[in-house]
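Subject: Structure for you to look at

Hello,

Here is the structure I promised to send. Please open it first, then read my notes below.

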Amino acid sequence: MLILGIESSCDDAAAAVLETTQRGVATVLASTVANQDDIHRIYGGIVPELASRNHVVTIQPVIERALASAGRSLAEIDGIAVTRGPGLVGSLLVGLMYAKGLAQATGLPWVGVNHIEGHLLAPLLEHPIRMPYLALVVSGGHTALFVVEDFGRYRKLGATRDDAAGEAFDKVAKLMGLGYPGGKIIDELSRAGNHKCVRIPRARVKGAPLDFSFSGVKTAVASLLRSEAGAGLSQPDLAASFQEAVVEMLVRPTLAAAREHDLETIALTGGVAANSRLRDSLAAAAANEGRRLVAPSFKYCTDNAAMIALAGSYRLLDGARDPLDLDAEANLTLPQ
Amino acid sequence: MILETASPRETKAWARRLASLLKGGELIALVGDLGAGKTCFIKGLGRGLQLREEQILSPTFTMIQEHRGRLPLYHIDLYRLERVGLDDLGLREYLFSEGVAAVEWYDRLSEGEAIERLAIQIRFAAANRRTIEIVGIGAPYRAMVERLRSRQNLDEA
């Protein structure tokens with residue numbers, strides 16, 4: 001079965017062609033992304049109106065590029081999977097409407113996919129992983145721990161109580177005058193810094209050891225930058241100290257969850273999974289306990305349509321098709 | 001009125017007191033630097049409206065989060081926008097509703113100055129200390145500040 005995946009939940013419009021024969025057995029034939037970082041860099045963040053307007057322009061070329069690079073034509077596609085939430089509603093609608101139009105014009109079955117489900121299954125695009133496994137989803141909009149029990153069966157174990165980890169990276173980069181996107185800049189800057197230079201207090205959520213809180217580290221950096229001690233710090237040292245705090249605050253609950261639920265494999269996914277220090281620390285901490293860390297390549301960590309095609313594939317294989325009145329949902333949650 | 005708080009807990013306690021005065025239809029406009037405690041304040045406001053604090057997340061990513069407490073709470077964050085108009089994002093609907101609209105980075109709203117509101121500015125004082133300035137703009141909001149001030153006097157007495 002040949003599946004066309006479409007994703008436009010935030011600032012990237014993406015399309016992919018996935019070939020699948022049975023649940024979880026899939027080959028990515030093509031995965032393309034039209035990235036808008038250049039547009040949003042000017043504003044130090046994503047501007048929803050600009051994002052959706054740009055999707056309108058790029059969605060069709062991105063799909064055509066994916067088909068061309070897979071060497072397939074639209075006539076060969078057997079089903080369409082598209083993100084319908086969560087995300088920015090204006091952005092979601094562009095991909096969703098396009099998919100529905102395509103489904104109606106071609107008579108192809110289509111399914112609406114939860115973006116988070118895409119991230120949870122993304123590690124399977126490159127690695128066979130036996131379920132259940134633990135997944136840490138970290139991005140600009142999400143920070144959460146899930147048990148992936150089976151296709152379509154996910155259990156949330158914990159989540160952030162305030163800011164997402166990626167949001168903390170972006171906002172601290174802004175505080176430090178470093179630009180956008182913050183995660184990548186801080187990661188690179190940190191390599192030249194000493195993370196022991198200044199101690200950023202680590203936050204724990206009282207009574208909820210599998211939850212996260214990143215608002216305090218952001219405030220700590222803001223206070224530090226206002227203080228005399230902060231004025232004497234080099235940017236790489238401060239970046240490294242901040243990053244180390246965030247990484248520790250992600251690693252501890254993740255390992256605790258793996259122990260508590262006896263899960264051997266930990267999957268790291270979402271845009272922040274591209275952070276090299278997080279990958280190294282989590283891999284080391286996992287190995288230390290005889291567990292395995294699986295992290296997709298960078299292109300499948302950030303928003304992409306291959307993971308959306310995969311997350312829609314098991315339902316399409318079962319013959320499912322969603323009704324054309326299924327709508328986009330900005331705050332769509334995963335059924336527990 | 002000007003408040004001095006020594007911890008996030010104290011900031012939230014003041015927001016809870018404010019919440020007890022709300023009847024629906026109010027606009028709470030928050031201004032303050034990154035890390036000043038705007039989301040923290042709204043967590044307290046949410047508590048006061050019988051929401052659980054952990055339901056109130058930073059809405060930076062989604063821009064608008066709706067909560068159903070004692071009154072509907074529309075938690076809005078304009079951080080990602082340089083300049084935004086009332087007719088963008090359907091803001092008008094949220095700002096003039098039957099619920100409570102709490103807007104972070106209100107200064108990004110271009111027509112914002114002309115709108116009656118409870119204006120709250122949070123400033124860094126020292127490490128965990130914050131100065132919170134609350135100004136009522138428009139008669140109903142000035143009355144609200146007076147009622148809040150009487151609570152302050154009671155607490156100090």
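How many salt bridges does the rule find across the interface of chain A and chain B? The rule finds two. A salt bridge here is a side-chain nitrogen of Lys or Arg within 4 Å of a carboxyl oxygen of Asp or Glu. One of them joins the side chains of Arg226(A) and Asp33(B), at 3.1 Å from N to O.

Some ground rules before the rest. This is a predicted model, where local features need pLDDT of at least 70, side-chain atom pairs count only at pLDDT 80 or more, and totals for chains, interfaces and linings use all residues. Residues are numbered from 1 along each chain as its sequence is written, chains are lettered from A and ligands numbered from 1 in the order in which they are written, and side-chain values use heavy atoms, with hydrogens and water left out.

The interface

On chain A, 24 residues are in contact with 21 residues of chain B. Contact means heavy atoms within 4.5 Å. The size of an interface is often given as the accessible area lost when the parts come together. Here about 2100 Å² is buried between chain A and chain B, and carbon and sulfur atoms give 61% of that. Buried area is the accessible area (1.4 Å probe) that two parts lose on being put together, summed over both.

Seven residue pairs are in polar contact across the interface, both residues at pLDDT 80 or more. A polar contact is a pair of N or O atoms within 3.5 Å; within protein, one must be able to donate a hydrogen and the other to accept it, and residues adjacent in sequence count only if both atoms are side-chain atoms. On the side of chain A that touches chain B, helix H5 (165-175) and helix H7 (215-226) each supply at least two residues. H7(A) gives the largest share of that side, five residues. Helices (H or I, at least four residues) and strands (E, at least two) are DSSP runs, numbered from the N terminus.

The sheet in chain A

Chain A has an open sheet of five strands, in the order E8-E7-E6-E9-E10, with mixed pairing. Two strands pair if DSSP finds at least two bridges between them. Strands E8 (153-159) and E10 (292-294) of chain A are the edges, and each pairs on one side only. Strand E6 (residues 133-138) and strand E9 (residues 265-269) of chain A run parallel, joined by four bridges. Look for Leu134(A), which stands opposite Ile266(A) in E9(A). Helix H9 (residues 235-260) of chain A lies across E6, E7, E8 and E9 of chain A, at about 160° to E6(A). Axes are lines fitted to C-alpha atoms, for helices over the stretch in contact, and angles run from 0 to 180 degrees between N-to-C directions.

The sheet in chain B

Chain B has an open sheet of seven strands, in the order E1-E7-E6-E2-E5-E4-E3, again with mixed pairing. E1 and E3 (64-68) of chain B are the edge strands. Strand E6 (residues 117-124) of chain B runs antiparallel to E7(B), with eight bridges between them. Gln121(B) has Glu133(B) as its bridge partner in E7(B). E6(B) and E7(B) form a hairpin, with five residues between them.

Best wishes
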